[in-house]
Amino acid sequence: LWEKQGNVPPLVRLLQAFIRLSPQTVLTQDKLMPLLGVFQKLIASKLNDHEGFYLLSALVEHIEIARLNEHLKSIFVILFQRLQSSKTTKYVKGLLVFFCLFSGKHGGSTLVDIVDGIQPKLFGMVIERLFVPDAQKVSGSIERKICAVGMTRILTEATTLLAEHYVKLWLRLLQCLIELFELPQDDSVPEDEHFIEIEDTPGYQAAYSQLVFAGKQEQDPFQNEFQQPKAQLAKSLHALSLKHP
């Protein structure tokens, strides 16, 4: 099934719905490892890496973190290996949104600790080489909100970033977040990158019978928690200043 490109989007939508509606079944019937195997296959493909992020995001949103803990380092290693072997603008945008979704759901400190657990001070490189140059390229109102929420939690919860070797990068990340709020999207793409947006390709939908419920739905994972990201940043910075005057 997975070898036919036309099957990939509806199959991923089906798995997303399964994870969202029955997360306990994923665990009780030992479906987590097979799902992570599908993620690994998708994320390795330039054509389907966005589908891999959709699947991984569903797991991070709906599976309790305690059950994911033993797999998190391996998941992040896979993400960094793909970044190193085949970095594209599309992949970096997806990676930033995932990092911020993870931070927003499970805390900025947790994200930084996982990344620095792979290699000391690696998160500093993530800020310098990914967030600062590419966060402004993230497209979509929900995706940009996810980035705002996740970056706010990184800035105000990850006390590691207040250490001397990180403090300059903390300021750069804050500036990056303010620019995300205030500046228009940067839609520039390197000349040597020519992406095909699969779901927008003429004739692509004819490759499979697209049912209404199989379409990608825009869902805000923070609609109940963070309705005003700018206000949340101000509130969180105030709380941080009280803790670290």
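1. Is Ile 19 buried or exposed? Ile 19 counts as buried, because its relative accessibility is 0%. The cut-off for buried is under 20%. Note that this is a predicted model. Ile 19 lies in helix α1, which covers residues 8-21.

2. What does Ile 19 touch, leaving out residues up to four places away in sequence? Its contacts are Val 26, Leu 35, Leu 55, Ala 58, Leu 59, His 62 and Ile 63. Arg 153 is another matter. Ile 19 and Arg 153 are 134 residues apart along the chain, and their C-alpha atoms are separated by 25 Å.

3. Now take Phe 76, in helix α5. Phe 76 has 0% relative accessibility, so Phe 76 counts as buried. Not counting residues up to four places away in sequence, Phe 76 touches Phe 98, Phe 99, Phe 102, Leu 111, Ile 114, Val 115 and Ile 118. Look at Ile 114 in that list. Phe 76 and Ile 114 are 38 residues apart in sequence, yet their C-alpha atoms are 7.9 Å apart in space.

4. Helix α5 also packs against helix α3, residues 32-43. Two packed helices are described by the angle between their axes and the distance between the axes. For α3 and α5, the angle is about 10° and the axes are 11 Å apart. The two helices are therefore roughly parallel to each other. The limit for that label is an angle under 35 degrees.

5. Which residues make this contact? From α3 come Leu 32, Met 33, Leu 36, Phe 39, Gln 40 and Ile 43. From α5 come Arg 67, Leu 68, His 71, Ile 75, Ile 78, Leu 79 and Arg 82. By class, the residues of the contact divide into 9 nonpolar, 2 polar and 2 charged.

6. On the α9 side, the contact is made by Lys 145, Ala 148, Thr 152, Leu 155 and Thr 156. On the α11 side, Pro 229, Gln 232, Leu 233, Ser 236, Leu 237 and Leu 240 take part. This contact has 6 nonpolar, 4 polar and 1 charged residues.

7. At 1.5 Å a residue, its 13 residues, 122-134, should span 18 Å. The end C-alpha atoms are 17 Å apart, which agrees.

8. Which residues of α8 are buried? They are Leu 122, Phe 123, Gly 124, Val 126, Ile 127, Leu 130, Phe 131 and Asp 134. An α-helix has 3.6 residues a turn, so residues three or four places apart point the same way. Keep that in mind when reading the list. The buried residues of α8 pack against α5, α6, α7, α9 and α10.

9. How many disulfides does a search of the whole structure find? The search finds 0. Cys 147 shows why: its sulfur is 4.1 Å from the closest cysteine sulfur, in Cys 100, too far for a bond. The cut-off for a disulfide is 2.5 Å between sulfur atoms. The sulfur of Cys 176 is 8.7 Å from the closest cysteine sulfur, in Cys 147, again too far for a bond.

10. Both of these cysteines are shielded by the cut-off used above: Cys 147 is buried, with a relative accessible area of 1%. Cys 176 counts as buried at 5% relative accessibility.

How values were computed. Residues numbered from 1 in each chain as written. Predicted model: local features only at pLDDT ≥ 70, side-chain atom pairs only at ≥ 80, totals over all residues. Heavy atoms only, no water. Helix = DSSP H or I, 4+ residues; strand = E, 2+ residues; numbered from the N terminus. Expected span 1.5 Å × (residues − 1). Buried < 20%, exposed > 50% of the residue type's maximum accessible area, 1.4 Å probe, protein only. Contact = heavy atoms within 4.5 Å. Nonpolar A, V, L, I, M, F, W, Y, C, P; charged D, E, K, R; others polar. Axes fitted to C-alpha atoms, helices over the stretch in contact; angles between N-to-C directions. Parallel < 35°, antiparallel > 145°, perpendicular 65-115°, else oblique.
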